[in-house]
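Try each one before you read the solution.

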Amino acid sequence: MISAKDIAFVDKALKREFKAHSAPIIELIEAQTHDPFCVLVGTILSARTKDACTAGAVRRLFATAKSGVFRPDDLERLSQEEIEKLIYPVGFFRDKAKHLKALPTVLRERFGNVLPHTVEELCELPGVGRKTANLTVAVGFGLPAICVDVHVHRICNWLGIVDTKKPVETEMELRRTLPVRYWKTWNSHFVSFGQTRCDPVRPKCAGCPISRLCASPKKRA
C-alpha cells in the first residue's frame, strides 16, 4: 500500500491533469444544471456509453423539459418508446428507457417526490446501482461519496492504493482507508485520467505524472 504522502501526491497530480482536459459528462451536467435529478438521469444514461454519445442523449432528453430544468414530471409525460428514441444509441437504451419511465412513480411512492441523498436509498430507484448512486451523491449533492468505475478500480490497483478484484471491493476499501477530503473528486480525476492518458490497453506512460508509483503490467518505459 502506498503512503498517505503518496496519496496526496497522486490527488494533486491528477487534479492538474483533470483541469487540463474537458470534464467528464456528469460534471458538465452538474455545472450546467446544478440539479441532482439531472445528474442522476445523466449518470443512468452514461453507463457503458461514451461521453459523446451520452451528451447527445442528455441534450435530446432534457430538451423536452417544460420548464428550464428537466424534472420527473417530464419523464412521466413521455412514453417508454419516446424515451428510447430520444436516448438512442446509448448502451442498453431499451433497459435504460424502461428504468427512466418507472423512475417518477418509484420516486413519488417511496420518497414523496424528494430525491434521496444517500447511496442506500438511491439504490432503491430503478436502474440505480452503487456506482450511479455514489456519483449522484458526490456530484449532484456535493456530499462525500466514493464512486468506483473501471478506471478507479484499475488505476487504484496499479498504484497499490488497493489490492482488490472487483470495483465494489475497491469502493469498500477506499471508504475504509482514503481520507474523506478526497472522496468527492476521486472519481472525476481518475475517470478523466483513464480516458485521456491511462488507457487499459495502451497507456501513455511517457511523461505520466504518477509513473513512479505505477506497477501496471502494461507500463511502458
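Contact here means heavy atoms within 4.5 Å. Keep in mind that this is a predicted model.

**Exercise 1.** Find out where Leu 143 sits and which residues it is in contact with, leaving aside neighbours within four places in sequence.

*Solution.* Next, look at its contacts, which are His 117, Val 137, Ala 138 and Lys 184. Then check accessibility: buried needs under 20% and exposed over 50%, so Leu 143, at 31%, counts as partly exposed. Finally, pick Ile 83, 60 residues away along the chain: its C-alpha atom is 30 Å from that of Leu 143.

**Exercise 2.** Is His 151 buried or exposed, and what does it touch beyond four places in sequence?

*Solution.* Go to helix H10 (residues 150-159), where His 151 is found. Its relative accessibility is 14%, so His 151 counts as buried. Beyond four places in sequence, His 151 touches Phe 190, Val 191, Gly 194 and Gln 195. Now check the side chain: a polar contact of 3.0 Å links it to the side chain of Arg 154.

**Exercise 3.** Which residues of the largest nonpolar core touch the most other members?

*Solution.* This core has 41 residues, and the ones to pick are Leu 45, Leu 61, Ile 87, Leu 100 and Leu 125. Elements giving it two or more residues include helix H4 (51-62) and helix H7 (93-111). Now zoom in on Leu 61: among the residues it touches are Val 41, Phe 70, Leu 75 and Leu 100. There's also a second, separate core of 26 residues, including Leu 159 and Trp 183.

Notes: Residues numbered from 1 in each chain as written. Predicted model: local features only at pLDDT ≥ 70, side-chain atom pairs only at ≥ 80, totals over all residues. Heavy atoms only, no water. Core = buried A, V, L, I, M, F, W, Y, C linked by side-chain atoms within 4.5 Å. Buried < 20%, exposed > 50% of the residue type's maximum accessible area, 1.4 Å probe, protein only. Polar contact = N/O pair within 3.5 Å; in protein donor to acceptor, adjacent residues only side chain to side chain.
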